[in-house]
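Hi,

Here is the structure I promised to pass on. Have a look at it first, and then read my notes below.

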Amino acid sequence: MTHYQTVTDNETVLRDGTIKLHGPAAFESMRKAGRLAAEILDAMVDLVKPGVTTGEIDDVVRQMTLDGGAVPATLGYRGYAHSCCTSLNNVICHGIPGDKVLRDGDIINIDVTPLLDGWHGDSSRMYLVGDVPLKARRLVDVTYECLMIGIDKAKPGARLGDIGAAIQAHAEKHRFGVVREFCGHGLGRLFHDAPEVIHAARAGTGPELKPGMFFTIEPMINLGKPGVRMMDDGWTAVTRDRSLSAQFEHSIGITETGCEIFTASPKGLDKPPY
Ligand code: MF3
Ligand code: CO
Ligand code: CO
């Protein structure tokens, strides 16, 4: 059974498994948090170059988040000590920023989550480092298409499974693997809340989408098989077959007629080539 809860904007929100339905003031707050996330990701376009370290990326994300009046929600989250995730090449997600130097031909996902005035804006994009081989660029393009095809399905009356079914069909048409171990998620005042947004699903299944729902869609697509292996650091997820992996993420809100993308780039820099 799916439970929904209409929430007012100043009430305490619990991680109680209910799907929250928000009003206009919450949409406005999410618009602001989402816009900051997008502006931070826009700034990464000029930063991501051969020779830059993932730690330097993290420093800029932290500074821009603070300058924007927010805090990085990942900082101190379950012991995570960084302001973003930097997932390089065969890293699927939750790559930890550090001394790693970007090299010509790499692909990297940068995932940011500013917490602004109590609301979370969660978004990630792929960046191409220098000259990237065609196969990797195709993976990045198809992964972005997967996100947008999923967002297309996000409207009142649809089921959550419609999103995953559309994403899976598109990825598998290209013989790419859809990662099952990590999902999109409800968000708002909470970083990770109900519902779980799976990226491989059957159409017509799962909770019905209703106006006021906020959640992320964040498909992780592998050039090879979908299998995941966790590294010993407890965070970094890599492809089991060592193939490349890509991901894009938007935070959205269901409206009366469709959905609003809170984390769309104000500069139109939603995907490479930038
Ligand atoms: N931003 C990620 C997401 O999309 C979560 C990162 S949690 C961290 O849900 F601790 F790994 F940073
Ligand atoms: Co997310
Ligand atoms: Co994220």
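Helix H2 (residues 54-67) lies across strands S4 and S6, and runs at about 150 degrees to S4. Keep in mind that this is a predicted model.

Those two strands belong to an open sheet of three, ordered S4-S6-S9 with antiparallel pairing. Strand S4 (84-88) and S9 are the edge strands with a single partner each, so one side of each has no neighbour in the sheet. On average, neighbouring strands here are turned by 20 degrees against each other, direction ignored. Between S6 (residues 107-112) and S9 the antiparallel pairing runs over six bridges; Val 112 has Ser 123 in S9 as its bridge partner.

Which residues coordinate the cobalt ion (ligand 2)? They are Asp 122 (OD), His 185 (NE2), Glu 218 (OE) and Glu 249 (OE), at 2.0 to 2.2 Å. Along the chain, the donors follow the spacing D-x62-H-x32-E-x30-E. The arrangement counts as irregular because the six donor atoms subtend angles of 51 to 161 degrees around the cobalt ion (ligand 2).

Cheers

Key
Residues are numbered from 1 along each chain as its sequence is written. Chains are lettered from A and ligands numbered from 1 in the order in which they are written. This is a predicted model: local features need pLDDT of at least 70, side-chain atom pairs count only at pLDDT 80 or more; totals for chains, interfaces and linings use all residues. Side-chain values use heavy atoms; hydrogens and water are left out. Donors are N, O and S atoms within 2.8 Å of the metal (3.2 Å for Na, K and Ca); water is not among the atoms, so sites may look incomplete. Four donors count as tetrahedral if all angles lie between 85 and 135 degrees; four count as square planar and six as octahedral if opposite donors are over 155 degrees apart and all others between 65 and 115; anything else is irregular. Two strands pair if DSSP finds at least two bridges between them. Helices (H or I, at least four residues) and strands (E, at least two) are DSSP runs, numbered from the N terminus. Axes are lines fitted to C-alpha atoms, for helices over the stretch in contact, and angles run from 0 to 180 degrees between N-to-C directions. Contact means heavy atoms within 4.5 Å.
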